[in-house]
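Dear colleague,

Please find the structure for your review below. My notes on one part of the fold follow it.

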Amino acid sequence: EDDAPEERDPREENARDRTLSDTRTRGKSPEDTSMFPAVTPGEFDSHVLTVEPVVAVLFTRLGERRCLNASREVGTALLKMVGQVQMMELNVSDAGAAELAERFAPTTTREENPECVELVLFPHGRDKEDADPETYEGEIAPEPLATWMHEHVPDFVMPITDRLVDTFLQAEPLKPKVILFHASETPPREFVALAANFMEDFLFALIPESDKASAEKFGVTSYPTIRLLFIPPLEPGENPPPEGLQYRAAEFPSRGLAYVEMHGWLQQVQMQVLGKDLGQGDAARAQKPE
């Protein structure tokens, strides 16, 4: 009799399951289920206004459940842009965010029928406080959102031909050069975004397929091809000679132009050639695409 299995009341089992589920989710704020990394009002200046890359901020009334769905809708539509533009979310329901929301996303703060979300793109460079940010007013769908973002990402890719190659290489010699050999005479959007996010450490150029002389000079036989030209890291205490610096060349190990792969490749160059430590600090983590 003592070894007989205990009879269980299904109603009690269901009640226990509900209690366990409530315990796991109780205390979680709406931000915990957001698709965007959070930026607090105190971080806004250092993470948005004074960083080099373009930053998109979704101002959201996260204190309201209906608005969390709106946030997810924007996040889903922006999946193809992940990594190309830094994306963050500011909780407009936070009392400390009132001033920023009123300044940059006033439709989310109005008393009557406030908007759930407002997507704002902050311009490039360190003069963002004086520049006018761009507010998205179109349909929440992947194509129009991606087009709008690409239109506002500045183009730092220099189109060059054979006679300008040497001039390009002589500019800022210790800065690695990233050259895209491409079938078209205009750079693809992914490469423009790459240049915008890494322009502080690299110089970017495009050589079209029509420039056969440059292709022969660099040994390029297929398109697209990315070549990295860099000065090897100097030894501690060693100063670069005023003349005669010799570039080394490396080739991007893929024929495609997938943004995340290009981004990761240049981060490796930052660490191995430029000696950057990308694993420290919130700012470094914020710059890494998921």
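Strands here, like helices, are DSSP runs numbered from the N terminus, with at least two residues (E) for a strand and at least four (H or I) for a helix. The model is predicted, so local features need pLDDT of at least 70 and side-chain atom pairs count only at pLDDT 80 or more, whereas totals for chains, interfaces and linings use all residues. Residues are numbered from 1 along each chain as its sequence is written, and side-chain values use heavy atoms, with hydrogens and water left out.

β3 and β4 (residues 134-135) pair in the antiparallel sense over two bridges; pairing requires that DSSP find at least two bridges between the strands. Leu-121 faces Glu-134 in this pair. β1 (residues 55-60) also pairs with β3 in the antiparallel sense, over six bridges, and there Val-57 stands opposite Val-120.

The open sheet has four strands in the order β2-β1-β3-β4, with mixed pairing. Because β2 (86-91) and β4 stand at the edges with a single partner strand each, one side of each is left without a neighbour in the sheet.

In β3 (residues 117-122), six of six residues are buried, that is, under 20% relative accessible area with a 1.4 Å probe, protein chains only. Val-117, Leu-119 and Leu-121 point one way, and Glu-118, Val-120 and Phe-122 the other. In a regular strand, side chains alternate between the two faces of the sheet.

With kind regards

Note on methods. Buried < 20%, exposed > 50% of the residue type's maximum accessible area, 1.4 Å probe, protein only.
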